[in-house]
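Reader: Hi! I am new to protein structures, and I would like to learn how to read one step by step. Could you walk me through it?

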Amino acid sequence: MPQIVFLPHEELCPDGAVVEANEGETVLDVALRNGIHIEHACEKSCACTTCHVVIREGFDELEESDELEDDMLDKAWGLEPESRLSCQAKVPASDIVVDIPKYTINMVSEG
């Protein structure tokens, strides 16, 4: 069973976290199930960028993003080559390391 290492994030997981994941489930679903409340303003429909994350290790193991996700990522704050929307990135068979950016483009947080 693959693991996701969430790097420390000041508000969402100050100490970081290492959690078990099921291959094929989304990074966002794994995070939420483990109490890491990544914003997801569009309710996982790939219509915003609030769940933007950066895959620090294991990026090449993920399925490629589709055109819709790429278009949305162009609007993300702090975009990097290894950026993905966590609602679209599916856990591969191997471990990955995820960095949650400090900011999103949302002016107001739902939390």
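Author: Gladly! Let us begin with a definition: two strands count as paired if DSSP finds at least two bridges between them. Please keep in mind that this is a predicted model. Here is a case of two residues facing each other: Val 54 stands opposite Ser 83 in E4.

Reader: Which residue of E4 does Val 53 stand opposite?

Author: Val 53 faces Arg 84 there. Both examples belong with the pairing of strand E3, residues 52-57, and E4, which is antiparallel and has three bridges.

Reader: What holds paired strands together in general?

Author: Strands of a sheet pair through backbone hydrogen bonds, and the pairing can be parallel or antiparallel. In this model, five strands make an open sheet in the order E2-E1-E5-E3-E4, with mixed pairing.

Reader: Which strands stand at the edges, and why is one side of each left without a neighbour?

Author: The edges are strand E2 (17-20) and strand E4 (83-85); each has a single partner strand, so one side of each has no neighbour in the sheet. Neighbouring strands here are turned against each other by 35° on average, direction ignored.

Reader: How many bridges join E3 to E5?

Author: Three bridges join them, and the two strands run antiparallel. As one example of facing residues, Glu 57 stands opposite Val 97 in E5.

Reader: Now I would like to look at the core. Which residues in the largest nonpolar core touch the most other members?

Author: That core has 25 residues, and those touching the most other members are Ile 4, Phe 6, Val 27, Ile 36, Ile 38, Leu 85 and Val 98. Two or more residues come from each of strand E1 (3-6), helix H1 (27-33), E3, helix H2 (67-73) and strand E5 (96-99). H1 gives the largest share, four residues.

Reader: What does Ile 4 touch, not counting residues up to four places away in sequence?

Author: With those left out, Ile 4 touches Ala 17, Val 18, Val 19, Ala 21, Val 27, Val 30, Val 91, Ile 96 and Val 98.

Reader: Where is His 52, and what lies by its side chain?

Author: His 52 is in strand E3 and is buried at 4% relative accessibility. A polar atom of its side chain lies 3.4 Å from the backbone oxygen of Trp 77. Leaving out neighbours within four places in sequence, the contacts of His 52 include Leu 73, Ala 76, Gly 78 and Pro 101.

Reader: What about cysteines? How many disulfides does the structure hold?

Author: A disulfide is a covalent bond between the sulfur atoms of two cysteines. This structure holds zero of them.

Reader: Last one: what is the phi of Glu 43?

Author: Phi of Glu 43 is near 55°, a positive value in a residue other than glycine. Lys 44 is not a glycine either, yet has a positive phi of about 70°. Glu 43 is in the loop between H1 and E3, and Lys 44 lies in that loop too. Glu 43 is exposed at 57%, while Lys 44 is partly exposed at 36%.

Technical notes: Residues are numbered from 1 along each chain as its sequence is written. This is a predicted model: local features need pLDDT of at least 70, side-chain atom pairs count only at pLDDT 80 or more; totals for chains, interfaces and linings use all residues. Side-chain values use heavy atoms; hydrogens and water are left out. Axes are lines fitted to C-alpha atoms, for helices over the stretch in contact, and angles run from 0 to 180 degrees between N-to-C directions. A nonpolar core is a set of buried Ala, Val, Leu, Ile, Met, Phe, Trp, Tyr and Cys residues joined through side-chain atoms within 4.5 Å. Buried means under 20% relative accessible area, exposed over 50%, partly exposed in between (1.4 Å probe, protein chains only). Contact means heavy atoms within 4.5 Å. A disulfide is a pair of cysteine sulfur atoms within 2.5 Å. A polar contact is a pair of N or O atoms within 3.5 Å; within protein, one must be able to donate a hydrogen and the other to accept it, and residues adjacent in sequence count only if both atoms are side-chain atoms.
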